[in-house]
Amino acid sequence: MVKDNFPIRLKEARLMMGFSMDKLVEHAGGAITKQSISRYERGIMHPKHKAQASLAKALNISMDYFNGTSLKIDLPMLRTTSGNQLTEEELIALEAKLSFWAEQYLDKEKKAGISTYFTNPIPKTPVSELEDITRMANFLRQEWHCGDGPLPCILRLLERKGIKVLIAELPGDVWGVSTWADKVHPLIVIDPCPGKTTTDRLRFTAAHELAHLLLTFPKDMEPKQIEKLCNMFAGFFLFPKDTFIDEMGGPKRAQLTLEELIDLKEVYGVSVSAQVHEAKDLQMISDEYYNWWYNERIKKNSMETGWGDYKIPETIGRERRIDSRIGNERKEISSLPLNRQQ
């Protein structure tokens, strides 16, 4: 690991706030020059305590953030949905981004008087096969009162259940990551870039990351198998096994039509590809027919252009609502008569 991560942590904090260097200078009240900030971020110069305090105040973050001691982000748990390994610098930058965001989020919750405690409803029994996955997906739906139909907005569902969701750009072809802050606050990051994902793929990514957070796997299980099981969980959580079989008209099919899969995609927000995978996992279709689907259709149209769209937008809003709540409370306090404020 890089010995001094201050340059990366400063840059990530500035970018998370949406500040240019000039804007940061402005928020620091001119106490620090743009040239100094540039040198700090390039690692040419390290700020003294007073300058570091000015930066922390301007960025609305604690001094501990710069020292890497504010929140413990579980780096071993940082798994990418794409399965690709992050470089050391990418990993450090992502940890800084998550640390900055999580500290601010938790501070806002505290100011708004909101509890931040999260409980994993899924038993810590190791899962290792399809039957385990379908059972856990159904169990979670039951515990979260989701019924057996479509989930209109999974990101909002995750927020309601206490999982903190960040929409942000991620490196390369990484679609999503998940981890824990201080081992008690679950975090999920989703990259919404239009060139990288679609609404149905974003939903699948969120459910995949949810599996990483909630499921327990055998300690000796290979990462590739874990990823496969997380994909299975995502599919069956979004489109439950029994519901899928009902929609398909039975447990066995000789063929699947593109038209019916598009119709179901537009209702359940599950891609054509994920539905074909689910049919294979349930042995609804033969391996040979699955391979034909993959080679002749899915592989040739990975973004599923022209194969329907899920119309319900996937958005987040909890943090924004907390911001408005804090801001409204401040306005109400400032509008009180002077004798009531004393």
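This is a predicted model: local features need pLDDT of at least 70, side-chain atom pairs count only at pLDDT 80 or more; totals for chains, interfaces and linings use all residues.
Biologist: What makes up the secondary structure of the protein chain?

Modeller: The chain comes to 16 helices and four strands. Its C-alpha trace spans about 70 × 50 × 40 Å along the principal axes, and of the 342 residues, 50% count as buried.

Biologist: Let's turn to the aromatic rings. Why is the pair of Phe-239 and Tyr-268 called stacked or otherwise?

Modeller: Rings pair if their centres lie within 6.5 Å, and planes under 30 degrees apart count as stacked. The centres of Phe-239 and Tyr-268 are 4.0 Å apart and their planes stand at 15°, so the pair is stacked. By this rule the count comes to 13 aromatic pairs.

Biologist: Where in the chain do Phe-239 and Tyr-268 sit?

Modeller: Phe-239 is in the loop between helix 10 (223–238) and helix 11 (241–248), whereas Tyr-268 belongs to helix 12 (residues 258–268). They are 29 residues apart, and the pair links distant parts of the chain. Both Phe-239 and Tyr-268 are buried.

Biologist: What makes you say that a charge sits over the ring of Tyr-65?

Modeller: For Arg, CZ has to be within 6 Å of the ring centre and within 35 degrees of the ring normal. The charged end of Arg-9 is 4.5 Å from the centre of the Tyr-65 ring and sits over it. Tyr-65 also belongs to an aromatic cluster with Phe-6, Tyr-40, Phe-66 and Phe-100. Likewise, Arg-201 lies over the face of Trp-175, at 5.1 Å from the ring centre.

Biologist: How do you know whether strand 3 (residues 176–181) is enclosed or open?

Modeller: Six of its six residues are buried, so strand 3 is largely enclosed by the rest of the structure. Both faces are covered, with Gly-176, Ser-178 and Trp-180 on one side and Val-177, Thr-179 and Ala-181 on the other.

Biologist: What makes strand 3 and strand 4 (residues 185–190) a pair?

Modeller: Two strands pair if there are at least two bridges between them, and here six bridges join strand 3 and strand 4 in the antiparallel sense. Thr-179 stands opposite Leu-187 of strand 4. The hairpin has three residues between the strands, and Asp-182 takes a positive phi near 55° there.

Biologist: How do you know on which side of helix 14 (residues 287–298) the buried residues Tyr-289, Tyr-290, Trp-293 and Ile-298 lie?

Modeller: Tyr-289, Tyr-290, Trp-293 and Ile-298 are buried in helix 14. They cover an arc of only 105° around the axis, which puts them on the same side of the helix. The buried residues of helix 14 pack against helix 12 and helix 13 (272–281).

Terms used: Residues are numbered from 1 along each chain as its sequence is written. Side-chain values use heavy atoms; hydrogens and water are left out. Rings of Phe, Tyr and Trp (its six-membered ring) pair if their centres lie within 6.5 Å; planes under 30 degrees apart count as stacked, over 60 as edge-to-face and the rest as tilted. Helices (H or I, at least four residues) and strands (E, at least two) are DSSP runs, numbered from the N terminus. Buried means under 20% relative accessible area, exposed over 50%, partly exposed in between (1.4 Å probe, protein chains only). The arc is that of the directions from the helix axis to the C-beta atoms. Contact means heavy atoms within 4.5 Å.
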